[in-house]
Each structure stands twice: as structure tokens, then as C-alpha cells.
Amino acid sequence: MLPIARNGGSDTLFLDLNPATHGQLHAFVHAIAWPGYLGNHVVTKAADNFDAYLDSLFIDPGMAEDAWADVADSDPSDPWRRTVEDWLDKELPAWRAEAWATS
């Protein structure tokens, strides 16, 4: 298992290098600690391959709104604005109808 990504909570994404399961992605997710509750850490297969993993990702609506807020006042020809628009068009096709996109 080759660690390829980690978030701020030290949850880790691994690429499986075993010849029998080569290319699968697995995730180790730390338990969330609550007072009086002892959670279990989780190790799970996240996807059969990297492409399937990427296809499973989604855009958080709040993140989309923040990305648009960063460029909304830019000139429509600004390359970064065009990049954000292209990204939102592809990954969140109805984004232009959202209240945050029309204000």
C-alpha cells in the first residue's frame, strides 16, 4: 500500500500495489472522538482504480460558491474566471441557476 493523499485529520488514501489487486484505492479513516464514545477507525476500499475514484468525487456546493465568489467580479475574459466557469460547467452543470451565481 502506497500512501498518496492525506487530509488534515490524517485520514489517508492508499494505492494498492499488490499484483492481485493492483490499482485499487483504499482509505484509512480515523474515528471521530466524542466524549463518552470510543469510535472505530475504518479501513475500506474506496475504488477499483484511480479513474473510478476520481469519478466518484463530487463538488461540495459551498466550495463551488466560494470558488465563484473569488472570480465573479473579474472580467469575463480573465483566464482564471474562465477556468472556474469551465470547471463548474463540467462538474456542476446547473450552477448558473444558483442564487449565489446570479447575484
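Mentor: A salt bridge is counted when a side-chain nitrogen of Lys or Arg lies within 4 Å of a carboxyl oxygen of Asp or Glu. The structure is a predicted model, in which local features need pLDDT of at least 70 and side-chain atom pairs count only at pLDDT 80 or more, whereas totals for chains, interfaces and linings use all residues. Residues are numbered from 1 along each chain as its sequence is written, and side-chain values use heavy atoms, with hydrogens and water left out.

Trainee: How many salt bridges does the structure hold?

Mentor: Among them is the one between Glu85 and Arg81, whose closest N and O atoms are 3.2 Å apart. Counted over the structure, the number of salt bridges is 6.

Trainee: Why are Glu85 and Arg81 separated by about one helical turn?

Mentor: Helices are DSSP runs (H or I, at least four residues), numbered from the N terminus. Glu85 and Arg81 both belong to helix H3, residues 79-91, and they are about one helical turn apart because their separation along that helix is 4 residues.

Trainee: Is Glu85 buried or exposed?

Mentor: Buried means under 20% relative accessible area, exposed over 50%, and partly exposed in between, with a 1.4 Å probe and protein chains only. Glu85 has a relative accessibility of 5%, so the residue counts as buried.

Trainee: How far apart are the closest N and O atoms of Glu85 and Arg82?

Mentor: These two residues are 3 residues apart in helix H3, and therefore about one helical turn separates them. Arg82 is partly exposed at 36% relative accessibility. The closest N and O atoms in the salt bridge of Glu85 with Arg82 are apart by 2.4 Å.

Trainee: Which residues are linked in a network of salt bridges?

Mentor: Arg82 also meets the side chain of Asp86 in a salt bridge, at 3.3 Å from N to O, and Asp86 is partly exposed, with a relative accessible area of 43%. Asp86 and Arg82 lie 4 residues apart in helix H3, about one turn. The network of salt bridges links Arg81, Arg82, Glu85 and Asp86.

Trainee: Why is the pair of Trp95 and Trp100 called stacked, and what is the angle of their planes?

Mentor: Rings of Phe, Tyr and Trp (its six-membered ring) pair if their centres lie within 6.5 Å, and planes under 30 degrees apart count as stacked, over 60 as edge-to-face and the rest as tilted. The structure holds 3 aromatic pairs. The ring centres of Trp95 and Trp100 are 6.1 Å apart, and the pair is stacked because the angle of their planes is 20 degrees.

Trainee: Which residues form one aromatic cluster?

Mentor: Trp95 is buried at 1% relative accessibility, and Trp100 is likewise buried, at 16%. The aromatic cluster is formed by Trp68, Trp95 and Trp100.
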